[in-house]
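Please look through the sequence and the model shown here before reading on.

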Amino acid sequence: MNFEATQRPDPAVPLTGDATEADLATVTRNTSVYVYEAPVRLWHWINAAAILVLCVTGYLIGSPLPSVDMGEATHQFLFGYIRFAHFAAAMIMTVGFFGRIYWAFVGNSHSRQLFRLPIWNRRWWSEVVDEAKWYAFLKKRPKKYVGHNPLAQIAMFFFMTLGMSFMILTGFAIYAEAEGYGSLLDQVFGPLRDLVGGSHVMHQLHHLGMWAIVVFVMIHIYAAIREDIMSRQSMVSTIISGTRTFKDDDPT
């Protein structure tokens, strides 16, 4: 498909989610569109690094390493460093998440896709089904989207927006215990801990949330690389440069 030769909006580039008429008009004239602004891209990579640290250290906190014979216990602080890295990454992820929420208000239309789903849009649902068929190898050619495709938008909303909110809340509820009962953090997050049935249940929920994010990250990386190769539109490079590039359809 030659976007430069297109004289009208092409149905292969659906106007869904938060895409604007200006986005579609741009696609009809060029083979690339500027999608993700610098703050969004910066957040993506900082958040990815924070999640990596959180998952590794979180696993080690839940399943500690065997004791290392280094003399007196007072001479080693390995577990303390692991906990510090976990808490530091958690603070970075939390601040970054609030910054990402702020940018959803001041950024372009694509910065808002992460936080809401157009569930009342009948066409959007039909495209969700269409994308599911594409991922299941039941279609030969996918549609091309300026922002997230509908299926990716659902995954990002549930695993990132809701998932990160869940991990932040449960994480701070656990952290509040170390601050002591009656502390400010305990007064804010303690009721949540009591609501789910106590500290042990809260730890288990937080741990399960970690594994859910690990599964999401694996699927996310697979889908991004798969789409980069098969859908004839850039994915991985887009979150680096911010520009989505569309390739001509393979005539075969």
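Predicted model: local features only at pLDDT ≥ 70, side-chain atom pairs only at ≥ 80, totals over all residues.

Read from the N terminus on, the elements follow the order α-β-α-α-α-α-α-α-α-β. Of the 252 residues in the chain, 39% count as buried, while the accessible surface comes to about 14300 Å², with 68% of that area belonging to carbon and sulfur atoms. Among contacts with a separation of 6 or more, 66% are made by residues 24 or more positions apart.

The unreviewed UniProt entry places the feature "transmembrane region" at residues 42-61, 81-103, 151-176 and 208-225. Two of these spans are described in the table.

| Span | Distance between end C-alpha atoms | Helix and strand content |
|---|---|---|
| Residues 42-61 | 28 Å | 100% helix, 0% strand |
| Residues 151-176 | 36 Å | 100% helix, 0% strand |

The largest nonpolar core has 22 residues, and those that touch the most other members are Ile51, Met93, Met160 and Met164. Two or more residues of this core come from each of the elements α2 (38-62), α3 (78-106), α5 (150-179) and α7 (199-230), and α5 gives the most, with eight residues.

Which residues does Met160 touch, not counting those up to four places away in sequence? Met160 is in contact with Trp43, Asn47, Ile51, Phe97, Leu114, Ala155, Ser165 and Phe216. A second, separate core has seven residues, including Val33, Val35, Tyr36 and Val146.

Notes:
Residues numbered from 1 in each chain as written. Heavy atoms only, no water. UniProt positions renumbered as here; feature names shortened; annotations may be inferred. Helix = DSSP H or I, 4+ residues; strand = E, 2+ residues; numbered from the N terminus. Buried < 20%, exposed > 50% of the residue type's maximum accessible area, 1.4 Å probe, protein only. Contact = heavy atoms within 4.5 Å. Areas by Shrake-Rupley, 256 points an atom, 1.4 Å probe, with all protein chains shown as cover. Core = buried A, V, L, I, M, F, W, Y, C linked by side-chain atoms within 4.5 Å.
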